[in-house]
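The following exercises concern one structure, shown below. Please work through each task before reading its solution.

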Amino acid sequence: MKIFTKSSLWVSMAIAAFGSASAEIPSGYYDSCEGKTGQALLTALYQKITNHTNVGYDGLWDVYKVSDVRADGTLWDIYTTKAWSTNFTKCGNYKVIGDCVNREHSMPKSVWGGGKSAQYSDAFHLYPTDGKVNGQRSNYPYGECANGTRLANNGSVQALGRLGSCTFSGYSGTVFEPDDQYKGDLARSYFYMAACYNNLIGSWTQGEMGNMMGGNNYPVFKTWAVNLLLKWARQDQVSQKEIDRNEAVYSFQKNRNPFIDHPELVEYIWGDKVGQAWYAGASAEQSDILQPVQNVTLDMGIAAVNLEKTYQLTVKTKGVEGNVYLSVYDSDRALSLNTTSISAAQANAGYSLTIKCKASKAGTVMGTLSISADDMEREVDVTCTVVDGLPVYDAQNVSSDEFTVRWVNLGDAANYTLNVCQGSQSLAGYPKSVKAADESYTVTGLEPLTAYTFQLSSTTISSEVKSVTTADLVPSIDVLFDGNLHFDAAPGVNSDVAELLLDIENVSEDITVTVKAPFQVSTDKSSWSTSVVLSPDEDRVYLRLGATSEGEYETSIILTAGNYTADDAEATASVVDPNSTFFFEDWEEVNAPTTTVNCYSNTTFRGTACEWAVNNGGFGTASQDKSFNGSVTMRMGKDTNSSLSMNEDKAGGLGTVAFQAALWPNDGSAVIAVEYSMDGGQTWETAENVTLSTSTATGYSVSIDRAGSGRVRFRQLSGSRWLIDDISITNYTELSAVNELDYHSWDAYSCEGQLVIESRDGASTVSVYGVDGITWVNARQFAAGRHQLDLPAGLYIVVADDFSRRVLVK
């Protein structure tokens, strides 16, 4: 799979270019996919969309500002009702829903084993979502869970989606059920992943998400998952939000989601039309019954005996010429329609049909709606639950401290009476009067894992008594650190140590922290391994890169407590020799340079040291083009838009950039910005502006001194033609340093049964308190160094300045 990268210049271009709400599929875009079906069609889609621009994980924030913004300018969150402002808080830390925005892998990265490959930052399956709900979802697959747990509201902000045991046929494990309005969006994201990464997806079977995957490249998903995704795609059809998002992501990634452009593709690959050849034009020309869709059940909800219940649905056709005939049948003759015939014009425009249910006895009415249009037939199942008494649904939106009561207003009274009991006792404030026309009421202030009953009544009729048990508190464990967790080290030397604080909520079991070698974790800075176990009272762990050979390394930081797993945090490392200059570019190994990259090209090519992207530059054949060392020199710029940038990262950090440069003879002076990027070319910082004033080859050097993997760009700001050669980049020199956190001036931890206080600068005033209120150390200033305190085993709070740590002395 070929993945290209691009700079943040595209952000402003995309924002300027993307403004239309209509979808304009490029002419002929899917021509290579036509005439195929099933696996062959999926393979053709893979070949069409797999080559795309990787915007990078950090670049997703720029994409979201275009792809996931409502008309009023607020950010769209598929996991809560919050309309985030454009200056939303990025996660970090969060306590409740509505705190911050995360980048949600709708297909969890644990399924492919993690790592920052192309799918790690593909915007078609990464959505901006609330951090707290994202944490609840964890890495569980999507599914349906009738009695799942929804997180508690935070003021007016409501969580969308719930976690629980799957009630969809074929799977019974833990799943996260998204809100109905986004189920089709997410199904089409999964179908996109099956196409775009079809060469890889057969091996994606790890973690909880592995329970959804088939371990093959067709049909990709297990049978239950295919059935679920088809159901969601059929019931929640493509919305204007998806169309807009498809166009926006296309402006960045240069590929499209075919299942948004042509929703019918899912039927030809996984659904009812497998075996039939797909043609893009044919789907637009053929007459069809668009709504209601095939293979769905219309659930009318609940009704009272002998009282009429109505249900509205849209009947919509395409290209129909004659009248459309409608009928409904059930054995009890309880179902009826407001009409049995509509005109072709009404059907093609979309007609609002009313289904009525009036039954003489309690039970489930099951019927069939039939639609006849020209030579087409469609049958859809219809159900309605009929009850004696006032119709009340089972409790909905159940969380640890609330649930919602919903009912059908019979019009018999202005107010109903709601009673909520724990055991035989009514809760404080109940019974209470609720407006019948509201048809819902949220009961709040409840205890977790507690059984309650509720009943709704008027002066003439009552509902049955309903039972509900509130959910358990939702566990969460989050790793707190600032910025990029990146280590640089020399070969054979342990890196510096990073302290990771953990935000732990509602966890009563031991926590296992696991990393991938050569990374190591510890609780006391003396015993190091790839896994440690913490008690729920411990709130931190130490991380380092163990001594190893040169190379690039990465790991997920996996935290597990019982059935709960968190794996969002990651660390990276570069191990390089501090005495070597890894990077030297003299162009001498470019294959046929003057024909491969002729003068003033806009292209990419492989040089001696790395791949380069050149804009308005190339290799000439004049004598001046060979006036530097060797026989090849890069000539740049007939105007001021020329640039030369590394198209891949250099490991070991960026130390000093040195290069030879000169003006083209008789051309005026030029100013060149020497820039660097530490995020894969998404954003660039200027290290120094260099003025070229002579046509004689002259050496220049610019200091960058940045740890981590990075790249360099030479961008012309003014002047005309210039030459550049012999580019060298040294490594970052402080190779043992890890990104420092603000609270690293002191530390406290347990080692060999003692409380250890580490002071790096001797400036912090430290106090130690027991959880029983005893003060063991009162405002003492420790000299720089390591200090051991003999204290009884137990939990202590160590406070220095305005920061505190919990330490469990074992």
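**Exercise 1. Determine what share of the contacts with a separation of 6 or more comes from residues 24 or more positions apart.**

Solution. Contact means heavy atoms within 4.5 Å. Among contacts in the protein with a separation of 6 or more, 68% are between residues 24 or more positions apart. This is a predicted model, in which local features need pLDDT of at least 70 and side-chain atom pairs count only at pLDDT 80 or more, while totals for chains, interfaces and linings use all residues. Residues are numbered from 1 along each chain as its sequence is written, and side-chain values use heavy atoms, with hydrogens and water left out.

**Exercise 2. Locate Asn198 and decide whether Asn198 is buried or exposed.**

Solution. Step one: Asn198 is placed in the loop between helix H5 (180-196) and helix H6 (223-235); helices (H or I, at least four residues) and strands (E, at least two) are DSSP runs, numbered from the N terminus. Step two: Asn198 is buried because its relative accessibility is 6%, where buried means under 20% relative accessible area, exposed over 50% and partly exposed in between (1.4 Å probe, protein chains only). Step three: leaving aside neighbours within four places in sequence, the contacts of Asn198 are Leu42, Thr43, Tyr46, Met193, Asn217 and Val220. Asn217, one of these, is 19 residues from Asn198 in sequence, with a C-alpha to C-alpha distance of 5.6 Å.

**Exercise 3. State where Asn397 and Asn616 lie, and what phi each has.**

Solution. Asn397 has a positive phi, near 50°, and belongs to the loop between E15 and strand E16 (403-406). Its relative accessibility is 30%, so Asn397 counts as partly exposed. Asn616 also has a positive phi, near 65°, but is placed within strand E36 (residues 611-619). With a relative accessible area of 9%, Asn616 is buried.
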